[in-house]
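Have the structure open while you read.

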Amino acid sequence: MGLTTLVATVHATWIALGAVFSYLSDPAKVPDGGLSRVLVVGLMESTRPGSLGGLLLALACLLSAVGILRAGRAPSGGGGALRGEARDAHA
């Protein structure tokens, strides 16, 4: 899931960059005097998918670490929810 989030983040960033450069390529939309400002603002906006993707990856890593920590602290005799359900089904 982490790799999928990373690929989707990179893909969204590339799409945003493509939209910025496509907009800049039309001289009717952007006069020469405003080209640099539109470029800087467009590049700034293109980083938003990367920010969101990084946040989601950080949260996923945090939740995974908590899950691994809790799994390591689980009593070894109980076995866990899935094993407990399977044991009850055979009894």
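1. Let's start with threonine 9, which sits in helix 1. Keep in mind that this is a predicted model.

2. Is threonine 9 buried or exposed? Its relative accessible area is 13%, so threonine 9 counts as buried, the cut-off for that being under 20%.

3. Look next at what surrounds threonine 9. Leaving aside residues up to four places away in sequence, threonine 9 touches Pro49, Gly50 and Gly53. Its side chain also reaches back to the backbone oxygen of threonine 5, at 2.7 Å.

4. Helix 1 (residues 2-24) packs against helix 3 (residues 48-73) at an angle of about 170°, and the axes are 8 Å apart. Because angles over 145 degrees count as roughly antiparallel, helix 1 is roughly antiparallel to helix 3.

5. Which residues make the contact? On the helix 1 side they are Gly2, Thr5, Leu6, Thr9, Ala12 and Thr13; helix 3 brings in Pro49, Gly50, Gly53, Leu56 and Leu57. Sorted by class, the contact has five nonpolar and six polar residues, with no charged ones.

6. Now over to leucine 35, found in helix 2 (residues 35-46). Leucine 35 has 36% relative accessibility, so it counts as partly exposed. Not counting residues up to four places away in sequence, leucine 35 touches Leu24 and Val30.

Definitions and conventions: Residues numbered from 1 in each chain as written. Predicted model: local features only at pLDDT ≥ 70, side-chain atom pairs only at ≥ 80, totals over all residues. Heavy atoms only, no water. Axes fitted to C-alpha atoms, helices over the stretch in contact; angles between N-to-C directions. Helix = DSSP H or I, 4+ residues; strand = E, 2+ residues; numbered from the N terminus. Parallel < 35°, antiparallel > 145°, perpendicular 65-115°, else oblique. Contact = heavy atoms within 4.5 Å. Nonpolar A, V, L, I, M, F, W, Y, C, P; charged D, E, K, R; others polar. Buried < 20%, exposed > 50% of the residue type's maximum accessible area, 1.4 Å probe, protein only. Polar contact = N/O pair within 3.5 Å; in protein donor to acceptor, adjacent residues only side chain to side chain.
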